Amino acid sequence: MSVKHSLLALLYEKPSHGYELKTGFDELVQSMWPLNAGQVYTTLDRLERDNLVESPGHDKKDRKLYTITEQGKKELWNWLKNPVERSLLKDEFYFKYLCASHVDYQEKQNMIQVQKQTIIKDVLHLTQFKKQMNQAGNQTMKLLVEGALLHLEADIKWLDMIAKD
Amino acid sequence: MIHTKGVKKEYKAGGEVIPILKGVDFSVKQGEFVAIMGPSGSGKSTLLQLLGGLDIPTEGSIALDGVKLETKSEKKRTIIRRQKIGFVFQNYQLLPTLTVYENIAFPMHASGRKIDTEAIYDLLDAVDLKGYGKRFPHELSGGQQQRVAIARALINKPAILLADEPTGNLDREHSSDILELLSSFHQDRGQTIVMVTHDMFSAGYADRIVLFKDGIIETEVKREDDDYAEFLSRFMA
Amino acid sequence: MLSSFRVSWRNLTRYKKRFLFTLIAIILGVVVMTAMLIAKQTTSSTLERYEKMYMGDTDFWIQSNNRVFQQKELDWLFTRDEVKKENAILLKRGIAEIDGMNPAQTSVRFTGVSTFDNGLFELPVKEGDISEEGLIITENAAKLWKKGIGDTVTFKNMGSMDVTAIVYEGSMLSSPRTKEQASVSSSQVMVPLDILQEWTGAKGQITSYRFVTNDGSKKDELLAAYQAELALSDLFVQPVVMDDRQNNDVEGLYYTFDIIAILSIFISGFIAFNMIYAGIIERRKEFAVMKSLGYTTKGIYRLVLQEIGLLSLIGTVVGLPLGIWFGDFFQEMLMSAIASQDITYDMELAAPLTISATVGLLFPFLAAAIPVYRAGKTPVLEAMVDRTVSRQGGKRASIIRIIAGIICTGIGLIDNAWAFLLLFVGLVLLYPLFMRAILRIINPLFQITFRFAGKQAVRSVSLFENRNANTSAMLAIGVSLAMFMSAALESLPDGMEDEVRSTFGGDIHVMKETPWQDDDLDVIQGIEGTANVYRFADIPNVTWQTKAGEDREFSIMSYSGDPDKAAFFRISDEAKEVAGFPQLYLGERALAEWGGEVGDHITLNTPAGKTDFYVKGSVQTSHYTSYVAFVEESILGEVLNWSHLFHVAIVTNGKASIPFIYSKLSENYGEELSSISSLSQRVEQSTNALTGMNELMQGLLLLVIALSAIGVSNTLFMNTLERIKEIGTMRAIGFTKRQVKFMIIAEGLIIGVTGVVVGVVYGILATYLNAQSDQAQALLSFTVPWVSLFLAVAGGILFTMVAAWLPSITASRVPVKEAISYE
């Protein structure tokens, strides 16, 4: 998962202590992904253990500073470089559909319909979010939303397809 | 604002009766932005034309502000259309011989109103076409033409703006412009909008999406503000 | 092949109304052209036939300056062996005794012939046997007298004879139809020569002697020989020449027919052009697809040409029979308008039908040339991708058009009948300019009347400027021609009357069978109401040749004293020098037909034989439609061997004394009088024919305007069709049906008003130019025909309103939903 890599990315920017990393993360994801301080510290511990970060000491307020190591940088580049694998059955609905067919689930059409409604609602919300991002001038996030919308559009098409069977 | 009840529409083609709408119950509240979505041939455009009084249903009733359109003559419907309806089409339908300014002024002329120059310039400004008044449609890009069409549709301050695939001829980027323009009219001025589209991307701008399939409403989905936060956290996680 | 024709048919009829209108236009064009050609051909052949009936196969005839002569004076001729057939003729007058009719109504002119039916004249038999010797009367006389074959007719102081044949009216014999007519003209009958000589106590006397020679090739030699033989006698010989120009002036009529035929074909060709052009523009995409599927340019040409062929074939096949029918109808009207007597005619069909069929089949192809060329050029990709066809024509083309228009107008101002046509070509070319100007003027007016619909109409008219301008131009030509014709026909009678009055000479002309003697003049001078009386010569059958070598025949009349003060003519052109030859003045028409100039010499076969004359001048005269020559009285005897004068002109004290003088004349000279005519009769005669023509022309021009109206309809249909989407949009965003209807009618009105305004201006211009023209011989004065102007304005606008009505309904019914939905 990528909390680890996002911390590496933040540390690549500048040496930081734990609280700085938390606020940096919140800013990055527009506070949309609640991440608590505990999570940050456990992750940092793990990173330090793996020699991906190291601590040059504490700052004046006695907060522990972290810097990225050469190995850490390598790991970050590696992560960015490698393509993301997709797994068919990672999508839960796909799996549900598989199982529903297996047990000859009577409410399958309804299931599809409800899923479709959910997706449409997601589209509505996402579009609104996109508008917000647009207004806030966050182009990167706006593009992420566009991508998500395209996925949802594909999902709807697929749902229409399987609904016909 | 609009209420349809059991609206059916049939066409005769070569002795065969083809049902397009098979009983549509549908309403639009003042200030709503509704998208009618469905695959092509599902009857969504026909519904829009009925809402605009361009035709009357074979059966059922369409009430616009309490006025039953199907009981009105062609001429009455035209007059109602003038006063209450603004149309935006997929292929813009600007009058090629009129300038941008004149295109926007056309509905005012047609309904015999006094020409409100200021209103026209305001709208030109609002659709981001300041200084384009003297151009002719063929001198504009598709997105610009559609913005003129929107201005034209809004010049008589219609109660409802009916948009039929307004972004159908545009690429994604220009589509966003148009849709954002529409939703800004909706948000800032409370413009009621009914938009027909086959495209989720456009439909997402609406408050409510009506899914249309084979001449009936399959389902309706509303954006409810209360679960917006929940959606976001789910979406982001 | 059959199926490909079926495809063509489907393509043609894709837009039913447009197809129908175009077909009607083509049919109408073919009909009018056919009818005009038939009328022209039939009229000319009928006149020729009538002329020929009078002389039959005759080669020469011999007459006397004494009117009658003894047949034995020709004994020398009988010794010559080239004479094959001959006929001696004696003309005499008498009175038939008919129950229920007074003698004044039964005056008879006898034609005594030595041989019946030997081909030296022709009689159109109705019933009986014309080769049998007996009394031959005409159909009119038979009806008036109530006589049939075998009935006996008695002639006062002469004898009686049985009717052996009844013939149709013709040039040899004709009779009045009604009792009224009978009191001013006599019935012409034919009897055997010997019996007539016996009845009238004129033994051995004849008026003329006609004969046919063996050897046609040596006519000139024979003529010279006969002239030499008769040089010193009262007799003179003339070759037979078919020339009816003295009796009618039909060239102007033919010219009018030609113009109307050309105009109607031009208009329908233009309508066809519009349809084909619009069709091809619409089908550009289709052609592009065909090409992408492997069709060649040639293949597309063939496809389109096949459609046009089908269109023109249908148009011509339907048009020709209708044309024959209309031609027949028109011919009958024409004949009753121009001919004073009943004339039977056989329609001349062969040549007119061949020409009409050829033109009818070909002109749509000509009209299609440009559009078809464009169809073939359709570029595949462009047409498939690009949906909008550029509506603006090239700027350069329009500049060329204007320059050509100015040049044509310039040439059109030259005083010449054919250059005159170019004025109208210029009109068509300059039309877009006129249209723009008029649009500017009527724009505010339209905005007030039709409000916004009017404004839109003005716009759309400029949108299809060329097409609308051309359509309007057709209307303008129709209107201007109507104006011009009415102005001409309105001023022509006045001009003619003026001319007749100023060149008739006196008030009454009397012709007598025997020469007028001095004491006859005293007698007439003594009749109360007579102010003056004088004799003059009217030498008939003077033959000559044109510069181009055609045989012609006219009369020579005499005047006395100063030619500047002559009663019969006004000098229009005169040579300064004096020549050695005897001099004469030629009527303007005679001069034009002859082809020579004032100051040249002309050789005439006169009663004195071949004689050279110096053409001293040309003159305007009402006599013999200006196809006549005038000589000074003093040279009559000496130069022309014409010493006896059979004509007198009487100047009266006033119109009121004319009936009294008439009655005194018939009291004194009775049966000796050949003819009496008065100035007012002549005026009436010459203007009557024109009045008949007036209505005929107005009818025809109405037809031309109707044809242009079809063009207006067609154009508006196409304008509508090409703007279906726009009209749909207008309807969607708030135009009512009524506003759309108004818009289209306003468009029609713009076309109509422009057509009428330009038409009226050009009509007046044409009238003015003609009034200034030397060629019009001052017959046409400049008048503005107010009634016609009103009719043209009202009619033109009404016609276009009606023409705009159908397209306006079509436009208002444009289904909004379909129009705005995308393809």
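Tutor: Two pairs of chains are in contact, and chains A and B share the most contacts. The model is a predicted one, and the account below starts from that pair.

On the side of chain B, 16 residues take part, and they meet 19 residues of chain A. Three elements of chain B each give two or more residues to this side: helix 7 (200–203), strand 10 (216–222) and helix 8 (228–236). Helix 8 of chain B provides the largest share, six residues.

B:Ile209 touches A:Ile120 and A:Leu124 in chain A, and in chain B it touches B:Ala35, B:Met37, B:Ala203 and B:Val221, leaving aside residues up to four places away in sequence. B:Ile209 and C:Leu427 are the residues with the most contacts inside the largest nonpolar core, which has 204 residues. Apart from that core lies another, of 52 residues, with C:Phe69, C:Phe116, C:Leu123 and C:Ala165 among them.

Two further positions in chain B deserve attention. B:Asp214 is found in the loop between strand 9 (208–213) and strand 10 of chain B. B:Asp214 counts as partly exposed because it has 14 C-beta neighbours inside 10 Å. Along the chain, B:Asp214 and B:Gly43 are 171 residues apart, yet their C-alpha atoms are separated by 6.9 Å. With 26 other C-beta atoms within 10 Å, B:Gln93 is buried. Its phi is near 55°, a positive value in a residue other than glycine. Most residues other than glycine have a negative phi.

The UniProt record, an unreviewed entry, places the feature "domain: Transcription regulator PadR N-terminal" at residues 7–76 of chain A. Over residues 7–76, chain A is 54% helix and 19% strand, and the end C-alpha atoms of this stretch are 10 Å apart. Helix 2 (residues 18–28) and helix 3 (residues 37–49) of chain A have axes that come within 9 Å and cross at roughly 115°. The crossing of these two helices of chain A is right-handed. Helix 2 of chain A contributes A:Gly18, A:Leu21 and A:Lys22 to the contact, and helix 3 of chain A contributes A:Ala37, A:Val40, A:Tyr41 and A:Leu44. The residues of this contact divide into five nonpolar, one polar and one charged.

The other contact joins chain B to chain C. It takes 21 residues from chain B and 17 residues from chain C. On the side of chain C, the elements that give two or more residues are helix 15 (451–463), helix 22 (724–732), helix 23 (737–772) and helix 25 (816–820). Helix 22 of chain C supplies the largest share, four residues. The residues on the side of chain C that touches chain B divide into eight nonpolar, four polar and five charged. Chain A and chain C, by contrast, do not touch, and their nearest C-alpha atoms are 24 Å apart.

Chain C itself can be described as a whole. It has 25 helices and 23 strands, and its C-alpha trace spans about 100 × 55 × 55 Å along the principal axes. Of the 823 residues in chain C, 46% are buried. Among contacts in chain C with a separation of 6 or more, residues 24 or more positions apart account for 83%.

Chain C also holds a residue with a positive phi: C:Arg67, at about 75°, although it is not a glycine. The place of C:Arg67 is in the loop between strand 1 (60–64) and strand 2 (69–70) of chain C. C:Arg67 counts as partly exposed because it has 18 C-beta neighbours inside 10 Å, whereas B:Gln93 is buried.

To return to the request, chain B is in contact with chain A and with chain C, while chain A and chain C do not touch.

Notes. Residues numbered from 1 in each chain as written. Chains lettered and ligands numbered in written order. Predicted model: local features only at pLDDT ≥ 70, side-chain atom pairs only at ≥ 80, totals over all residues. Core = buried A, V, L, I, M, F, W, Y, C linked by C-beta atoms within 7 Å. Buried ≥ 20, exposed ≤ 12 C-beta atoms within 10 Å, placed from the backbone. Contact = placed C-beta atoms within 7 Å. UniProt positions renumbered as here; feature names shortened; annotations may be inferred. Axes fitted to C-alpha atoms, helices over the stretch in contact; angles between N-to-C directions. Left-handed = near helix turned anticlockwise from the far one by under 90°. Nonpolar A, V, L, I, M, F, W, Y, C, P; charged D, E, K, R; others polar.
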